[in-house]
Amino acid sequence: MTLTKIRTAAASSLAAAGLLFTLAACSTPAATQPTTSAPASPATSSSSASAGPCSGVKVIVDSGALKQDAAETSVCVPADAPILASKALEEAKVKTEGTAQYPKELACRVNGVPAADFDITHKGGTYREDCSKMPAAFAYWALWVKPASGDWAYAQEGLATLKVSPGESLELLFTVDGEPAAPAA
């Protein structure tokens with residue numbers, strides 16, 4: 001099975017099965033998204049997802065198709081043992097908001113993005129998410145994990161249960177209509 005087929009199958013399963021394995025997007029009405037960067041963490045911060053090695057857990061937030069700087073971050077979180085993904089995000093000062101239906105399992109907003117007053121443009125028009133239930137399968141925050149030496153893969157658990165180990169990377173990537181299909185190398 002090719003990597004593209006695996007990714008496509010994962011994306012389809014994710015949408016059909018309920019996105020509990022990924023972090024979903026949340027947006028609502030248009031207007032202005034915040035443009036300031038997320039606060040720096042006490043962990044080592046860098047502006048590039050590939051900048052330097054990380055002996056802990058590398059946490060990356062990429063707003064993808066939304067191109068919202070307020071969400072963008074790449075931080076090395078100190079860790080000498082496996083930690084929950086939610087804890088790694090907390091340590092990296094990445095703020096996630098779940099939905100009313102799934103408050104801890106997925107993310108509707110990351111660092112306030114997409115804002116409640118932001119229209120998401122997709123193939124079918126525009127979309128506004130109210131964060132009350134499962135986000136749309138065509139516009140969501142996806143949760144990805146990359147082993148110390150290996151390729152990115154969709155997380156098979158949600159934020160509340162997924163554990164990441166030192167040397168691994170954890171990425172929240174906003175995807176609209178399947179793009180971007182995966183995190184950058």
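**Entry 1: the overall fold**

How many helices and how many strands are there in the protein chain? I found 2 helices and 12 strands. I took both from DSSP runs, where helices (H or I) need at least four residues and strands (E) at least two, numbered from the N terminus. Reading from the N terminus, I noted the order α-β-β-β-β-α-β-β-β-β-β-β-β-β.

A reminder to myself: this is a predicted model, in which local features need pLDDT of at least 70 and side-chain atom pairs count only at pLDDT 80 or more, while totals for chains, interfaces and linings use all residues. Residues are numbered from 1 along each chain as its sequence is written, and side-chain values use heavy atoms, with hydrogens and water left out.

**Entry 2: confidence**

I checked pLDDT next, the predictor's confidence in each residue, from 0 to 100. The protein chain averages 77, and 72% of the residues score at least 70. Over residues 1-50 the pLDDT stays under 50, so I read that part with care.

**Entry 3: inside and outside**

I looked up burial, where buried means under 20% relative accessible area, exposed over 50%, and partly exposed in between (1.4 Å probe, protein chains only). Of the 185 residues of the protein chain, 45% count as buried. I also looked at contacts (heavy atoms within 4.5 Å). Among those between residues at least 6 apart in sequence, 70% join residues at least 24 apart.

**Entry 4: strand E2**

Is strand E2 largely enclosed or open? In E2 (residues 57-62), 5 of the 6 residues are buried, so the strand is largely enclosed by the rest of the structure.

I then traced its partners; two strands pair if DSSP finds at least two bridges between them. With strand E3 (residues 73-77), E2 pairs in the antiparallel sense over 5 bridges, and Ile60 stands opposite Ser74 there. With strand E12 (residues 169-176), E2 pairs in the parallel sense over 5 bridges. Here Val61 has Leu172 as its bridge partner.

**Entry 5: disulfides**

A disulfide is a covalent bond between the sulfur atoms of two cysteines. The cut-off I used is a pair of cysteine sulfur atoms within 2.5 Å. My search of the whole structure gave 2 disulfides.

Cys54 and Cys76 form one of them, with sulfur atoms 2.0 Å apart. This pair links distant parts of the chain, 22 residues apart: Cys54 is in the loop between strand E1 (44-46) and E2, and Cys76 is in strand E3. The torsion about their S-S bond is about 85°, so this disulfide is right-handed.

Cys108 and Cys131 are joined too, S to S 1.8 Å. Their torsion is about -75°, so this disulfide is left-handed. Both Cys108 and Cys131 are buried.

**Entry 6: aromatic rings**

I paired rings of Phe, Tyr and Trp (its six-membered ring) if their centres lie within 6.5 Å; planes under 30 degrees apart count as stacked, over 60 as edge-to-face and the rest as tilted. The count came to 3 aromatic pairs.

Trp141 and Phe174 are edge-to-face, 5.3 Å centre to centre with 80° between the planes. Trp141 is in strand E9 and Phe174 in strand E12, 33 residues apart. I found Trp141 buried, at a relative accessible area of 0%, and Phe174 is buried at 0% as well.

Trp144 and Tyr154 have ring centres 4.3 Å apart and planes at 20°, so I logged the pair as stacked. Trp144 lies in strand E9 and Tyr154 in strand E10 (residues 153-154). Both Trp144 and Tyr154 are buried.
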